[in-house]
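Dear colleague,

Please find below the structure that I am handing over to you. My notes on what was found in it follow directly after.

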Amino acid sequence: MSSARLPGIRANVADGFEHWQSFLRDRPRLKIFLIVFPPALVLAVFFLLPLVFMAYLSLLEGMPPAPATFENYMRLVTQEVYLSILWRTTVITAQATILTVLIGYAIAYSMVRFSRRTTMILLLVIMPFWTNYIIRMYAWINILQTNGVLDAALLFVGVINEPLGVLYSHEAVLIGFIYIYLPLAVLPFYASLSYLDQDLIDASMDLGAGPIKTFLSITLPMTKNGIMVGVILVGIPIFGSFITPQLLGGTDNTMVGMIIENQFVEAFNWSFGAALSITVAFIVVAMLVLGMLAGGNFFDLGGEDE
Amino acid sequence: MSDITIHGLRKEFGSVLAVDDVDFDITEGEFISILGPSGSGKSTILRMIAGFESPTAGEIRIGGDDVVGDPPFERDVNMMFQDLALFPHLTVAENIAYGLAQDGVPADEREDRVQEMLEIVHLEGYDDREPHELSGGEQQRVALARALVNEPKLLLFDEPLASLDRKLRQHMQIELQQIQHETGITFLYVTHDQEVAMAVSDRLIVLNDGQIEQIGTAEELYDEPNNSFVANFIGDINTLPAELERDNGNLAIDINDATRTVGDSYVDPGVRDNGHHEIDLCIRPDDMRIEPSTASEANAIAGTVRNRIYKGGTTTYHIDTDVGTVTAELGSSQFDVGDEVGVSWSDDAAYLFPRRESEA
């Protein structure tokens with residue numbers, strides 16, 4: 001009996017499934033809605049809503065409920081200290097991004113072109129990610145501080161006579177940023193370089209271009225998109241970061257992320273912190289748009305018709 | 001003196017011998033093909049001439065100078081790649097002008113020569129297209145134009161037509177030949193497709209296991225193959241295992257226990273006197289004769305028609321015999337599947353070679 005019933009149930013389930021399939025096939029709009037709605041809901045709740053709340057907060061005099069005001073933004077643009085911090089943040093971001101991209105490209109290039117142990121190097125690049133960010137920063141404090149590991153090593157070799165004490169300097173912040181964000185640059189560079197067909201390099205050489213010309217006219221333009229992805233992945237988090245400059249930079253290297261953190265955690269001026277956050281977000285989006293306008297369509301891999 | 005001389009060229013990859021002391025000459029303006037199965041080392045030879053691989057030993061002389069050790073960008077040799085390797089981020093005109101720009105040709109002259117090339121490959125007006133917008137055949141032409149434009153001493157082809165369908169391939173073959181005549185540039189073409197190679201080349205080099213089996217015109221290779229490999233590779237051929245014996249001073253060939261007595265002069269001295277006992281007897285399908293078994297010759301091989309393929313002018317029969325399946329191509333289609341027949345051939349149609357282990 002039961003063995004006779006089971007196939008019947010299975011057939012019913014299959015029928016129901018087929019029924020649903022044809023039901024959806026006839027309703028393409030409903031199908032698209034069902035596919036798009038869940039992720040859209042997640043984005044709205046966890047991304048859009050907080051952003052809207054942030055914007056709302058930035059327009060209040062204090063903790064809600066409070067009267068609306070533009071005072072927070074006025075304070076930001078009229079007080080020179082905040083503008084100079086934004087400027088310094090931009091400069092540090094630019095320097096750290098350029099250095100990270102240069103070093104990352106060199107590493108990715110050697111991984112693809114010369115190394116037979118690519119997996120090993122890739123692993124070494126990714127491995128630091130498995131250790132906590134803060135712990136790695138404290139490791140750098142140990143290395144960079146006066147009479148720390150770096151000074152001891154350099155003194156021992158005899159390159160310097162007095163300890164350098166790199167910690168709490170502009171350079172220390174750059175070193176920290178490069179160290180933290182290098183993997184984020186190496187991975188997209190590695191991906192786009194390994195997609196590059198070796199025959200294109202050979203063809204360029206065959207047609208008379210030396211290694212440098214080939215690099216400039218084939219390798220670099222062909223990996224342009226990977227480079228842009230790397231710049232974005234590295235530049236954006238650096239612009240908003242606060243732990244690295246706080247731990248390695250000391251008081252002279254304040255970045256805007258530190259001010260925001262300070263407003264929320266210590267000054268309890270959430271409205272001003274929110275105004276700073278919205279400003280930073282706006283600057284980042286503006287830079288992305290400007291970059292796209294200036295460099296053409298970074299995200300296009302095929303090369304469309306003009 | 002030859003314009004391009006390859007002497008003692010050898011390439012080892014670790015313990016694998018890819019190219020084994022290869023020698024050949026190419027005359028200026030010649031269209032020469034290297035023909036061989038995959039893995040025979042033909043692409044390695046090409047890549048060594050282009051400069052992408054360095055030989056383990058040997059000389060590559062182009063116009064008298066040994067270029068071994070020179071990087072690819074200093075060699076007056078261009079290559080048309082198997083996957084074409086068009087630069088996807090450049091337009092058709094920029095692709096073609098690439099080599100000229102490297103040679104320092106001024107921009108306006110570059111423009112003229114690109115136009116000239118586009119005309120030769122019948123792609124007028126395609127200047128601003130991008131490679132991905134072109135059909136397979138058009139991409140081939142762009143790659144050809146790019147390789148031709150700076151007039152190299154030697155143009156190398158690494159099976160660039162392999163990806164095209166049969167019709168387009170045949171069309172491109174004819175065009176390649178015309179373009180070669182027009183430009184007078186020496187072509188070295190590598191392929192495993194004997195049909196293409198025989199159609200376009202002045203001479204062919206048959207390569208197997210890194211060694212040259214034979215060099216000659218298509219006719220020479222077809223009519224006078226050096227060995228059973230060449231006989232098999234150039235055109236179809238039946239290979240029958242046979243034994244060579246001396247019986248009371250007479251030379252005899254044993255096939256399937258039937259003995260044919262032949263004169264000493266029938267067998268090539270190289271095969272006859274080197275003590276080769278086991279030989280391959282090779283006959284082209286169109287040299288085969290089929291008779292009804294009742295009327296067959298005394299030393300015919302008995303067999304059964306397995307299938308027949310009507311091809312219009314001719315009919316191809318596959319006949320099962322005790323020495324394997326024999327292919328015969330006849331002008332008539334009088335036999336049917338299942339017919340008992342006798343297969344024979346005239347003695348002067350057969351090639352005798354020392355037996356060698358068959359290769360895949």
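**Findings for chain B**

Helix α4 of chain B covers residues 136–148. Of its 13 residues, 10 are buried, so that the helix is mostly covered. The buried set comprises Gln139(B), Gln140(B), Arg141(B), Val142(B), Ala143(B), Leu144(B), Ala145(B), Arg146(B), Ala147(B) and Leu148(B). The length of α4(B) can also be checked: at 1.5 Å a residue, its 13 residues should span 18 Å, and this agrees with the 18 Å found between its end C-alpha atoms.

β6(B) runs parallel to strand β7 (residues 154–158) of chain B, to which 4 bridges join it. Within this pairing, Met79(B) stands opposite Leu156(B) of β7(B).

Chain B also contains an open sheet of 5 strands with antiparallel pairing, in the order β15-β19-β16-β17-β18. At its edges are β15 (289–292) and β18 (324–330) of chain B, each of which pairs on one side only. From one strand to the next, the twist averages 45 degrees.

As to the overall division of the chain, the domain assignment of chain B gives domain 1 (4–230) and domain 2 (236–354). Taken over C-alpha atoms, the centres of these two domains of chain B are separated by 39 Å.

Finally, a word on confidence. The mean pLDDT of chain B is 89, with 95% of its residues reaching 70 or more. For the complex, the predictor gives an ipTM of 0.83 and a pTM of 0.80. Where pLDDT is low, the predicted coordinates should not be read in detail.

With kind regards

Technical notes:
Residues are numbered from 1 along each chain as its sequence is written. Chains are lettered from A and ligands numbered from 1 in the order in which they are written. This is a predicted model: local features need pLDDT of at least 70, side-chain atom pairs count only at pLDDT 80 or more; totals for chains, interfaces and linings use all residues. Domain bounds come from an automatic or database domain assignment. Two strands pair if DSSP finds at least two bridges between them. Helices (H or I, at least four residues) and strands (E, at least two) are DSSP runs, numbered from the N terminus. Axes are lines fitted to C-alpha atoms, for helices over the stretch in contact, and angles run from 0 to 180 degrees between N-to-C directions. pLDDT is the predictor's confidence in each residue, from 0 to 100. The expected span of a helix is 1.5 Å times one less than its number of residues. A residue is buried if 20 or more other C-beta atoms lie within 10 Å of its own, exposed if 12 or fewer, and partly exposed in between; C-beta atoms are placed from the backbone.
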